[in-house]
Amino acid sequence: MNKKAGLKAALGGSKKETTEAKVASKPVVTAASGELCRVLISSIRPDPNQPREKFDPEFIQSLARKLQKDGQHTPITVVMTGANQYKIRNGENRWKAAQEAGWEYIDAIIYEFEPEELSAPEQAEILRKQKSDNDDRRPLTPWEDIKACARYVELSGKKQGEAAEDLDLSKTDLSKRLKIFNGPEEIKNLVRAEALTNLNTLGSLVELWKLDQESASAEAQTILETGQIAPGAEKKYAARVKALKDDEEVPGSKPAKKEPDPQTPKPQTFSAKKVNVAEKGVLEIEDGKGNAMRFKVPRSWKKDWEKIGEALFGGKL
């Protein structure tokens, strides 16, 4: 075997052997423990608790082509979980790309044995390092980032200020992520689908949900269905939240003022208190408030004086 072929085989670029006898005879690690090793890919498994949940097939294929062309520049990190068994600490994208490239071995740094059962602070520290490593490479999706931050706060038991410093975030940015993580599923689904990822807009929508669930749910459904958000939505949500908070008695929208039903004006009433003879053939009737009405009395009414008096005063004139 010439030097070029030998180097290619050492880098793991050679095609996989197919016979069981040859596979069984392969060493699992080809370097001393604690140093940069070449580890059999089939002896490695992913970490189910790592923050990354989505793996882009196109990105992995692109990375596989780079591995085939330029080799592996950065080793993955693994921990020993048993005899000849390893779990990925960082580098699952590279591990998947190496398989796509047809490699049998991958460069890895092996950390000391790690038991299956870990305390919450130990899990938190591992998660922090994994998030930091992912941030330095292909960023996590918005939802993966939010979930990882929330899990770190829970597992570490630290206050938000300390946790934010550990995660290389401002306290405000961490608070925004936690608000969304603790929000309703309808809004979290927007982040998972990457239909809406702006933290400020999402935060305003969460606040709106607390005050007007029906309106916020309708907004979330529209965004999810169309994959778009109207310009100025953040300001609209914030203004709506402010309006609702200013009116504590009305949790929903303020009802429009109801216009009074048109009513027929009541006829003016006149209560007679005193009758005077204003002039010959004219009676003046007063109501006791300075108001007076005059009536011309024809001669034919003479015989009806008693009836008129009874109608006006309940008695005779």
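Which side chains meet in a salt bridge at 3.4 Å, N to O? Those of Glu207 and Lys179 do. Point 4 returns to this pair.

1. Basis. This is a predicted model, where local features need pLDDT of at least 70, side-chain atom pairs count only at pLDDT 80 or more, and totals for chains, interfaces and linings use all residues. Residues are numbered from 1 along each chain as its sequence is written, and side-chain values use heavy atoms, with hydrogens and water left out.

2. Strand β3. Strand β3 covers residues 76-82. Helices (H or I, at least four residues) and strands (E, at least two) are DSSP runs, numbered from the N terminus. Six of the seven β3 residues are buried, so the strand is largely enclosed by the rest of the structure. Buried means under 20% relative accessible area, exposed over 50%, partly exposed in between (1.4 Å probe, protein chains only). β3 runs parallel to β5 (residues 105-111), joined by four bridges. Strands pair if DSSP finds at least two bridges between them. Ile76 has Ala108 as its bridge partner in β5. With β4 (residues 85-90), β3 pairs in the antiparallel sense over five bridges. There, Val79 stands opposite Lys87. The β3-β4 hairpin has two residues between the strands, and Asn84 takes a positive phi near 60 degrees.

3. Cores. A nonpolar core is a set of buried Ala, Val, Leu, Ile, Met, Phe, Trp, Tyr and Cys residues joined through side-chain atoms within 4.5 Å. The largest has 21 residues; Val39, Ile44, Val78, Tyr86 and Ile106 touch the most other members. Helix α3 (57-70) is among the elements that each supply at least two residues. α3 gives the most, with four. A second, separate core of 20 residues includes Ile180, Leu190, Ala195 and Leu196.

4. Salt bridges. The rule asks for a side-chain nitrogen of Lys or Arg within 4 Å of a carboxyl oxygen of Asp or Glu. The count comes to 15. Glu207 lies in helix α10 (residues 199-211) and Lys179 in helix α8 (residues 171-181), so the pair ties together parts that are 28 residues apart in sequence. Glu207 is buried at 16% relative accessibility; Lys179 is partly exposed at 31%. Glu185 and Lys188 also meet, at 3.0 Å. They sit three residues apart in helix α9 (residues 185-192), about one helical turn. Bridges that share partners join Lys179, Glu207, Lys210 and Lys245 into one network.

5. A further pair. Lys158 bridges to Asp166, with the closest N and O atoms 2.6 Å apart. Lys158 is partly exposed at 34% relative accessibility, and Asp166 is partly exposed at 25%.
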